[in-house]
Amino acid sequence: TMPANSVTYTYSVVGIDPTTGAQKFNVLGTSCLPDTECVSYPIIIAGDSYAYFAYEWSEFPTEYLYPFIRHLMVLRIDSSGNYENIHVWDYTSDDIDLLDLGVSMITNADQGVLLTWSGGAGGMAVTAGSSVSLVSAPQVPGGDQVVPVLQAQDGSFIGTTCRYCAPGYGTIVAFDASGTVRWIVPNDTP
């Protein structure tokens, strides 16, 4: 939201009571000035029954000059509105890189979430409760980001290197929560 006559953008997650339609809670994600970059990603309900909302914001240590610091955060919210704001990762840009990090997120069974991102040489993180572990992202030919699509029964993940591709393009990648690639199928999508 950006209230009238304001220069601050505010990202928040609003909980609605499904029986009455009334607002149950409003959890503030972050506030960003127009000269800083804020990016939000789709919210998911994970297998642990928490809502997860990934977002990033950029901090310019000196006014309008580079490099700037990009912060990747995740809000973890329960159905009562109790929350934790989890710091995932920081990236210092060395140029005028104003693209978002390209964050993708999927539930990690009943443990938390798994996130991958392409910005800043890419990365992957796994949450458990309010803690986060950075792990190596799956390494695939071409160095593309692996976007998780589903979780297999054994706890591993299946993803793709092509977020918006038609069948026959991209690569299917099976990997585990430590980023180890199990198998690859080129020229296909899951």
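To start with, is Asp48 buried or exposed? And which partners come up from there?

Analyst: Keep in mind that this is a predicted model. Asp48 counts as buried, because its relative accessibility is 14% and the cut-off for buried is under 20%.

Now for its partner. The Asp48 side chain meets that of Arg76 in a salt bridge, at 3.8 Å from N to O, which falls inside the 4 Å limit. Asp48 sits in the loop between β4 (44-45) and β5 (51-59), while Arg76 belongs to strand β6 (residues 69-77), so this pair ties together parts that are 28 residues apart in sequence. Arg76 is buried too, with a relative accessible area of 9%.

Arg76 has another partner: it forms a salt bridge with Glu84, and here the closest N and O atoms are 3.0 Å apart. Glu84 counts as partly exposed, at 30% relative accessibility. Put together, Asp48, Arg76 and Glu84 are linked in a network of salt bridges.

Strand β6 turns up again in another pair. The side chains of Glu56 and Arg70 meet in a salt bridge, 3.0 Å from N to O. Glu56 is in strand β5 and Arg70 in strand β6, so the pair links distant parts of the chain, 14 residues apart. As for burial, Glu56 has a relative accessible area of 1%, which makes it buried, and Arg70 counts as buried at 0% relative accessibility.

As for the tally, the count comes to four salt bridges.

Note on methods:
Residues numbered from 1 in each chain as written. Predicted model: local features only at pLDDT ≥ 70, side-chain atom pairs only at ≥ 80, totals over all residues. Heavy atoms only, no water. Helix = DSSP H or I, 4+ residues; strand = E, 2+ residues; numbered from the N terminus. Buried < 20%, exposed > 50% of the residue type's maximum accessible area, 1.4 Å probe, protein only.
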